[in-house]
Structure formats: structure tokens, C-alpha cells
Amino acid sequence: MGIVAALIIGAIAGWLAGKIVHGAGFGLIGNMVVGIIGALVASWVLPQLHIALATGTVGAIVDATIGAVIVLVILSLIRRV
């Protein structure tokens, strides 16, 4: 997957995660960054848990969204402290 595709998938995932985790968003650009970081987190966490979701672009968006939700929840917990 190319860099541009990864950025687009990360942006979509960050936006979706911002909609899922209400009140934890960081705006459009911040959510894009969270989505990209979430994609990296998901690419490590999901195989460790032996979870394999759909393949292709849709699977990448789902995986990245799960990772972005994890990152947003962790960041919201850190902001509360």
C-alpha cells in the first residue's frame, strides 16, 4: 500500500473514530493523525490477539478505525489525569 493510500485510510479511520468516541476528538487534522497512529497500533495489536478481519481497503479501514478508537480512549484517559 502506498503512502497516499495509507494517509487516506488513516484520515477516514480517524474521522470514524472521532464519531465513535464522542468528546475525544482532536479536530480534523488531529483525528487524521490519530487515525494513522491507530492504523499502526492495530497492525500490531490485532495479529497479537489472532484477530483477522476483512482484507483489502475495507479491512484496512476497519482495522485502522479499531486502532484509532483504542488510541482515542487512551488519550482521553490521559487528558483526564
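Is Val81 buried or exposed? Val81 is exposed, with a relative accessible area of 89%. The views below come from a predicted model.

**View 1. Val81 follows helix α3.** Val81 sits in the segment after α3. Its relative accessible area is 89%, which is over the 50% cut-off, so Val81 counts as exposed. Now look back along the chain to Ala11. Val81 and Ala11 are 70 residues apart in sequence. Their C-alpha atoms are separated by 27 Å.

**View 2. Helices α1 and α2 cross.** Two packed helices are described by the angle between their axes and the distance between the axes. Helix α1 covers residues 3-20, and helix α2 covers residues 27-48. Their axes come within 6 Å and cross at roughly 110 degrees. That angle makes α1 roughly perpendicular to α2. Which residues of α1 meet α2? They are Ala6, Leu7, Gly10, Ala11, Ala13, Gly14, Trp15 and Gly18. On the α2 side, the partners are Asn31, Met32, Gly35 and Ile36.

**View 3. Ala68 is a buried residue of helix α3.** Ala68 has a relative accessible area of 0%. Buried means under 20%, so Ala68 qualifies. What does Ala68 touch, not counting residues up to four places away in sequence? Its contacts are Ala13, Ala17, Val34, Gly35 and Gly38. Ala13 belongs to α1, and Gly35 belongs to α2. Both also take part in the meeting of those two helices. Ser43 gives another reference point. Ser43 and Ala68 are 25 residues apart along the chain, and their C-alpha atoms are separated by 11 Å.

View 4. Pick out Ile66, which lies in helix α3, residues 56-80. Ile66 has a relative accessible area of 32%. This value falls between 20% and 50%, so Ile66 counts as partly exposed.

**View 5. His50 has a positive phi.** His50 is found in the loop between α2 and α3. Most residues other than glycine have a negative phi. What is the phi of His50 near? It is near 60 degrees, a positive value in a residue other than glycine. His50 is also exposed, at 74% relative accessibility.

Conventions: Residues are numbered from 1 along each chain as its sequence is written. This is a predicted model: local features need pLDDT of at least 70, side-chain atom pairs count only at pLDDT 80 or more; totals for chains, interfaces and linings use all residues. Side-chain values use heavy atoms; hydrogens and water are left out. Helices (H or I, at least four residues) and strands (E, at least two) are DSSP runs, numbered from the N terminus. Buried means under 20% relative accessible area, exposed over 50%, partly exposed in between (1.4 Å probe, protein chains only). Axes are lines fitted to C-alpha atoms, for helices over the stretch in contact, and angles run from 0 to 180 degrees between N-to-C directions. Angles under 35 degrees count as roughly parallel, over 145 as roughly antiparallel, 65 to 115 as roughly perpendicular and the rest as oblique. Contact means heavy atoms within 4.5 Å.
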